[in-house]
Amino acid sequence: MTGDEAFTPGDALSRIEILYVDDDAHRRDSMRKLLMSLSPRRVQIAESASEALKVVMGTPCNLLIVEHRMRPIDGITLVRELRSAA
């Protein structure tokens, strides 16, 4: 970056595709708004681990944010399943 270029906080995420997974509708909506304000390329939302697995297998994702206390499959189990599939 040269001295003439300005860096804005959103620049760091402009090429990032985010998947947020949470079974709580209120938190999903709040996080979607917050994440969108950071200007990533895309924000995808899933309401369950099984839905998240389908999204990840079908579209690119650079950053995964997962609620760890979901049911019936918790966030930690979801991350383990994703790691074993990679």
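Strand β1 (residues 17–21) and strand β3 run parallel and are joined by four bridges. Within this pairing, Ile18 has Leu63 of β3 as its bridge partner. Two strands are said to pair if DSSP finds at least two bridges between them. Strands (E, at least two residues) and helices (H or I, at least four) are DSSP runs, numbered from the N terminus.

The model is a predicted one, in which local features need pLDDT of at least 70 and side-chain atom pairs count only at pLDDT 80 or more, while totals for chains, interfaces and linings use all residues. Residues are numbered from 1 along each chain as its sequence is written, and side-chain values use heavy atoms, with hydrogens and water left out.

The three strands form an open sheet in the order β2-β1-β3, with parallel pairing. Because β2 (42–46) and β3 (63–66) stand at the edges with a single partner strand each, one side of each has no neighbour in the sheet. From one strand to the next, the twist averages 15 degrees.

Helix α2 (residues 49–58) lies across β1 and β2 and runs at about 165 degrees to β1. Axes are lines fitted to C-alpha atoms, for helices over the stretch in contact (heavy atoms within 4.5 Å), and angles run from 0 to 180 degrees between N-to-C directions.

Along the sequence, the protein follows the pattern β-α-β-α-β-α, with three helices and three strands. Of its 86 residues, 26% count as buried, that is, under 20% relative accessible area (1.4 Å probe, protein chains only).

| Element | Residues |
|---|---|
| Strand β1 | residues 17–21 |
| Strand β2 | residues 42–46 |
| Strand β3 | residues 63–66 |
| Helix α2 | residues 49–58 |

Terms used
Buried means under 20% relative accessible area, exposed over 50%, partly exposed in between (1.4 Å probe, protein chains only).
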